Protein chains: 2
Amino acid sequence: MTQSLPSAGVLGARAFAALQGLNRFTDEPGKLTRLYLSPAHRQAAEWTKGAMEVAGLSAFIDAAGSVQGRREGSAPGAPCVLIASHIDTVKDGGRFDGNLGVVAGILAAQALRDAGIVLPFALEVVAFGDEENVRFPTHLSTSAALAGDYDPAWLDARDTEGTRLGDALTAFGGNPAGIPALARKPGSIKAYLEVHIEQGPVLEVENEPVGIVTTITAQSRARIRVTGEAGHAGTVPMRLRKDALAASAEMALALEAIASGHEQAVGTVGVFDVDPGATNVVPGAVEFTVDFRSPSNETLDAMEAAIRARFGEIAERRGVGLTITPYAKAAAVPMEPGLQDALSIGVARTGANLTARRIPSGAGHDAMSMAAICPTAMLFVRNEKGISHSPLENMTEADAGIAIRVLLEAILELARRET
Amino acid sequence: MTQSLPSAGVLGARAFAALQGLNRFTDEPGKLTRLYLSPAHRQAAEWTKGAMEVAGLSAFIDAAGSVQGRREGSAPGAPCVLIASHIDTVKDGGRFDGNLGVVAGILAAQALRDAGIVLPFALEVVAFGDEENVRFPTHLSTSAALAGDYDPAWLDARDTEGTRLGDALTAFGGNPAGIPALARKPGSIKAYLEVHIEQGPVLEVENEPVGIVTTITAQSRARIRVTGEAGHAGTVPMRLRKDALAASAEMALALEAIASGHEQAVGTVGVFDVDPGATNVVPGAVEFTVDFRSPSNETLDAMEAAIRARFGEIAERRGVGLTITPYAKAAAVPMEPGLQDALSIGVARTGANLTARRIPSGAGHDAMSMAAICPTAMLFVRNEKGISHSPLENMTEADAGIAIRVLLEAILELARRET
């Protein structure tokens, strides 16, 4: 049955050609910037709708601005396998983040149609629009709409220019009042699959074209304030100092050590603001952020306890004040084991030399929304240098083709399971 | 002979009353801000000239804006003992920094005159005007003028409003062309003594009202740039990171350890700028400053070598780039041993319970300029909480009185050495 499907090489070439078409649409000429509900988003949605229709899907732009396409299977109205990702980008972003997953879904649907394959389920492709959390202080709102988890308060969120999300949605051609009806019925989605470029360097380092996501990691963030005593850099002896920067530096290294001590965990100090921040003044206060993640909720809790203990010990020994203010915490979202296995089988059928590498996702995805209502899995594609959210983001055409071929094989595996 | 000199208690009361008078003059109402050549500086100079005259000194405002007062000793035209400090302040500064030393000189001269003591040398008091390096990018220019080390290029320095120093000096009533003539002849100053509030907490911690400065410490500054690789805080595994912040934190702690390993040395990271500085991004680059000081030039060189070695080792181990750009280095300025001893004798004669505590100065002073042309020493006065360059700077009236009494006794000791 798979003999008539296009090769990975052909799929890769088609994907790059399609991305070139889709990525013409940008809010900033010379860069790829496509913010939720912007003019470029609207153009990209129209392009996506057209591409879906050419691929044999019935398509429309939904009330929240997502593009939805569907082709019925052997029994009209049956539950679907849904392939999706997003077509919004960060400012000056990369060509593949989100876009590749949407193109992969469309090309898979097209290949199946061209091969005359009738599936025992419907096939849907969706292009979400609010994944990157850039324009509005919302996150994954368009996939939340499908999951029946849309918070109406999001409509009152405003961008930096003061535009209300609800108004922007109406101007875009969406329909705030129609959002509740987007919620999918329980059981109506058999499986959710998302192809996405890896946003880190793991597959590159391990020389694997694709990886199967095991879980979207648990994550916690906190603001840390360390208060010491400002002093003259020349006149306060070392033994009498309460140097907020030295204490904070020790805490940053403690976080690094804690994260390094747990398999697949990470920990990052990204913001580090020094008061007063003058060459000849011993810093009196430092505010920094910690962001730590693990595929395991238990490990995340253990890390948090270790951070509190170690930071507290450092603060006490150095005689500085310490305030830890957690402000965001999310539990791990495990991917469905059966769907991971379907992707593994897809990998094996795509190439004997390929390994079904399992890898956690340290970044959030629309799959998080969908996992609440249906079996969900993700396939990562090797990122050439591990660079994300940058015009330097890159992948090879060959890897893109392998990923789409794996997706096709996984869909066929799911079909096989029906019979 | 000293029976007729006022007690420390009387001198302290007089000093606080005088400071109240002098510190009315500020460029910012509600704060004490008196920048070089500002209107408040001019008013303070006039007040100082008047106070000198009342104390029996012939006084004038010199070509560079300093106030100079002199009373001849037994032989007119003889070399002088010069007591000085500065009457400029930082923005929103303390009441004692500089001002106390000028008032101490005036009150000492007054006490000696009132007691009918004729010295075997002239006594001079000078109120310098450009110590704080705030308004113009010059430092110690007015004392450099007396030391014959005034760089004419300083006249072209400009403040943040674009005003040329030379023009500001003319508007103030000074005379740029007259500066070279301010240079004192070799041998014309027998001794330079400066009373100054300690700008750190050492005397406070050791419960000593005064301290005798051993040396103005050697000092070196450098800008450090650490370049790693920016990455997504969730997706780059710890083992694959080149985290510029973690590397810089380790370097900051290395500097702290190096400084703590040398007696009386200090080391400070005061500026620490993170790029890009976002919660969810592994920092790609950090720029920070190091400032390190020691009373010993040899120790400073050893510290610099240790910093280069340790920072280099950290950078190599972590695979990050490292650039060290030194931008300021000053050798130690030792105080003259015989004058330190005269102050020690002064301390002993002031109170049997006082210790002649020796202490290095980690901050710069006009004494640095003067040490190039004459024997120089400084007396530090206990700072209530070790806070400098702040309205919270404080000392007790009792300590101020003790310091002026010590100064008087030291002057008398120098007189004794002449006979």
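Are Asp291(A) and Arg293(A) buried or exposed? Asp291(A) is buried, and Arg293(A) is buried as well (buried means under 20% relative accessible area, exposed over 50% and partly exposed in between, with a 1.4 Å probe and protein chains only). The two residues form a salt bridge whose closest N and O atoms are 2.8 Å apart; the term stands for a side-chain nitrogen of Lys or Arg within 4 Å of a carboxyl oxygen of Asp or Glu.

The model is predicted, so local features need pLDDT of at least 70 and side-chain atom pairs count only at pLDDT 80 or more, while totals for chains, interfaces and linings use all residues. Residues are numbered from 1 along each chain as its sequence is written, chains are lettered from A, and side-chain values use heavy atoms, leaving out hydrogens and water.

Over all chains, the whole structure holds 60 salt bridges. One of them joins Glu250(A) to Arg318(A), with the closest N and O atoms 2.7 Å apart. Glu250(A) lies in helix H7 of chain A and Arg318(A) in helix H8 (residues 297–318) of chain A, so the pair ties together parts that are 68 residues apart in sequence (helices are DSSP runs of H or I with at least four residues, numbered from the N terminus). Both Glu250(A) and Arg318(A) are buried. A network of salt bridges links Glu250(A), Arg310(A), Glu313(A), Arg317(A), Arg318(A) and Glu256(B).

In chain B, Arg70(B) forms a salt bridge with Glu72(B), the closest N and O atoms being 2.7 Å apart. Arg70(B) counts as partly exposed because its relative accessibility is 21%, and Glu72(B) is partly exposed at 37%.

Key
Helix = DSSP H or I, 4+ residues; strand = E, 2+ residues; numbered from the N terminus.
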